[in-house]
Amino acid sequence: MSPVVLAVFGFATLLVLVSVLVPVAKRLDVPFTVLLVLVGATLGFIAGEGDAQSAMGRYLVSPLGELGIPAEGFLYIFLPPLLFAGGLTVDVRRLVDDIALVMLLAIGAVLVCTATVGVVLSVVTGTDLLICLLLGAIVATTDTAAVLGIFRDIGAPSRLSVIVEGESLFNDAAAIALFVVLLGVLTRKEMPGVLSSVGAFTKEFVGGMVLGYAMAKIAGWLISHLRGVAVTEITISVAFAYLIFVLGQAYLGVSGIIAVVTAAMVFASDVRTRLSPGTWGPLLTTWKQLEFWATSLIFVLAAMLTPRMLGQLQWSDIAGIAAIFLSALAARAALLWGMLPVLSRFGLAQPMSGAYKLVLLWGSLRGAITVALALSVSETESISADARRFIFVMAMGYVLATLFIAAPTLHPLMKLLKLDKLTPEERRVRDRVMALSRGRVRENLAQAARALGIAEALPPNSGRVEGGRQDAWMSRDDLVRAGLIVLGNRETELSLEYLQRGLVGRHVAERVRADSARVQDGARQDGTVGYLAAALRNQDSTWRFRLAHWLQRRYGWTGLLAEEIANRFEFLLVEQMVLRELMRFVDANVAELIGPDAALIVKAALDGRMQSTNNAIEALDLQYTDFTRAMRGRYLDRLSLGLEEAEYRGQLDQSLISSEVFEDLDEDRRKRQAPLHTRPELDLGLKLTEMLSKVSLFAGLKGADIAKLGQMLTPKLFLPDERVLRTGDPGDRMYFIASGVVDVHIAPNSVRLGSGDFFGEIALLTDKPRNADVVSAGYTNLLVLRRRDFETLLRSNPGLRDAIEKAARQRSQQAT
Ligand code: CMP
């Protein structure tokens, strides 16, 4: 038989084998990867070498070896699916919250691990430092899937998972990037300086990110033009993952790994919403599938080399493997106990409990990526045979050690730390839900039985809850917490529902979803307080908003800020809808679950959120009336079109109309929907002439003077509660209010100034510090006049001067 036929036969048989192993691993309660390695090693022994080859080995196993997957094959075939699948499940919006910490952890972890392992190993085994460092980079990758699996199992707060997920992904990326740099040094045999290595590393990293981002955007654009065929959309994602990797790695000289990870994240956050409805699920399944194949094949293929490795094993190697094991542990411990607390001190990271840290330490299993890297080195011709053997034996030995020592003991460790069970609070929620739903089942059952006339035939106990369970005791705080968590889930659902109904754009939906995860985390950690604190934080300005605001204030650019304020309003409107819906949800569903007392508290928390949302909306309503009215109208239109569609669809489902009629109706509806995609224009009212006309003080000025004045004044927008002036500061400018209001805080009360008023003149006239705090009450448009211009203006306009001086005198008297 031809080698190809044999190889296909071999691969297919392997896949059957791995599939069978999944339930076996579950049954035996051992990690799947451990089983894979065992089976792989056994196969390796069966295959034998040379004369000792068994029949099975000859026909089944050795053809795979003969197929000779080249070194690069392991990287180019197996890495993209592993990385892309990992990146797809990251919650990007929330990752951005912690991006500094994640990057620090990831890059820090890799550098610390590589250096520690490299140096220790070199000392212990006396091998060349460069080779040991390369090994250090190889073993610095962690097994994302394993770590995450643990976290899912123990129900860690989702923020923690997001950090770990992000960390281990970027960790892989950083480690591989470092690996590539070191490998380059080894094969080219030239020593780069520290600076040029850092430069190369940065170029790989940043270049990879840019490439991944750009390519994912292109993929997104392509997908939105393919118009809704699931198979092609999924194909694009697979093809792009490989294309991006190859482009980065082989053509552009940037990190293909980082590019793929970045692209996957852009896919998950951005491209996802361009897919046709219902495609996301199948797409994820496809990637899970590819990831499964890649992981299992890598493990089996590598483990098949175990006999060869064992054959070459020497006593000194065992010492080396132990050295790697211990130094990698030490490096990670230094990070968890040394660096993390420092980060928490500076508010960059939330403190982590000792138990979690222990699990993270012991649970840092090494997996497919380490193996793939080791395999690729072992096939790299330009490295000496000795070094290749050393790297392969060490890396494989280390992976096996983590798999056979750390993995099986992880579960007992978690049991010991009591991390493997539902927390008592979660258990009580579970019991309560079970009791309630069983109660409902019983009622339905009784109804059905009555309808069927078999009431008597029902066993007396069917559907009943066992005694005791039903009254699972929960404190009110626990109930409130449970209620808030349920609300968080509903909020997430609502965001998707609104998106599907075309009520909101995908950015807003995404933001609502990320926000709901944050309030849920808050509730999980601190109950109502945490919930409300997170909700308040959610209303803080986004970094884009802050940037846009800064650009307006600094350079007078209004476009971006108008866009961001419009976004804010849109988001608040949706938030208001969501909160109303949640209120109803508490009454209809949650109250029953948590009891009336707790429900009251939950509603009070919701009310708190509602209030701050309403206030924020009110501030916008006051200043941008036309815009907010138009936006509300647009929402109503969208809502009605959504209802219309549901109506048509209902009629179609009931066969009241044919699909042709439906299409025709829907076409018409879509036509009316199209203009609703564009948002009404928001005019910030920051045009100079318009603003000047609002200040009555300038009414008497003539054309030429107005023009001169216009050159002296700069329009600036202030946000609600933003401080304009602080008591005691030196004064170098004064302000005219074109629109909006400010509060002048002069103890014990405050004075409100509105459109046409001015302030900040006293410090300029008297050369004394500011005598009051001035705070913008809403969105306020101010015209700013600098001291130099102030003096020029007063000199040339005695009338203006008198008016301002008079006001200053009066105000100063009031202040004293
Ligand atoms: P200045 O002292 O430069 O900074 C604070 C400003 O608050 C002050 O100028 C006045 O413009 C304003 N201010 C102080 N007291 C009053 C007041 N009683 N009524 C209105 N505005 C005031």
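These legends describe close-up views of a predicted model.

**View 1. Helices H22 and H23 cross each other.** Two packed helices are described by the angle between their axes and the distance between the axes. Helix H22 covers residues 543-555, and helix H23 covers residues 559-623. Their axes come within 8 Å and cross at roughly 145°. The crossing of H22 and H23 is left-handed.

**View 2. Residues of H22 meet residues of H23.** On the H22 side, the residues in contact are Arg-544, Phe-545, Ala-548, His-549, Leu-551 and Gln-552. On the H23 side, they are Leu-560, Leu-561, Glu-564, Ile-565 and Arg-568. Sorted by class, this contact contains six nonpolar, two polar and three charged residues.

**View 3. A shell of 15 residues lies around the ligand.** Gly-760, Glu-761, Arg-770, Asn-771 and Gln-814 come nearest to the ligand. By class, the shell has nine nonpolar, three polar and three charged residues. Strand E4 (742-746), helix H28 (761-766) and helix H30 (798-815) each supply at least two of the shell residues. H28 gives the most, with three residues.

View 4. For Arg-811, the distance from a side-chain N or O atom to a ligand oxygen atom is 3.3 Å. The ligand taken alone exposes 460 Å², and the protein buries 98% of that area.

Conventions. Residues are numbered from 1 along each chain as its sequence is written. This is a predicted model: local features need pLDDT of at least 70, side-chain atom pairs count only at pLDDT 80 or more; totals for chains, interfaces and linings use all residues. Side-chain values use heavy atoms; hydrogens and water are left out. Axes are lines fitted to C-alpha atoms, for helices over the stretch in contact, and angles run from 0 to 180 degrees between N-to-C directions. Helices (H or I, at least four residues) and strands (E, at least two) are DSSP runs, numbered from the N terminus. A crossing is left-handed if the near helix is turned anticlockwise from the far one by less than a right angle, and right-handed if clockwise. Contact means heavy atoms within 4.5 Å. Ala, Val, Leu, Ile, Met, Phe, Trp, Tyr, Cys and Pro count as nonpolar, Asp, Glu, Lys and Arg as charged, and the others, Gly among them, as polar. A residue is near a molecule or strand if one of its heavy atoms lies within 4 Å of it. A polar contact is a pair of N or O atoms within 3.5 Å; within protein, one must be able to donate a hydrogen and the other to accept it, and residues adjacent in sequence count only if both atoms are side-chain atoms. Accessible areas come from the Shrake-Rupley method with a 1.4 Å probe; for residues, only the protein chains shown count as cover.
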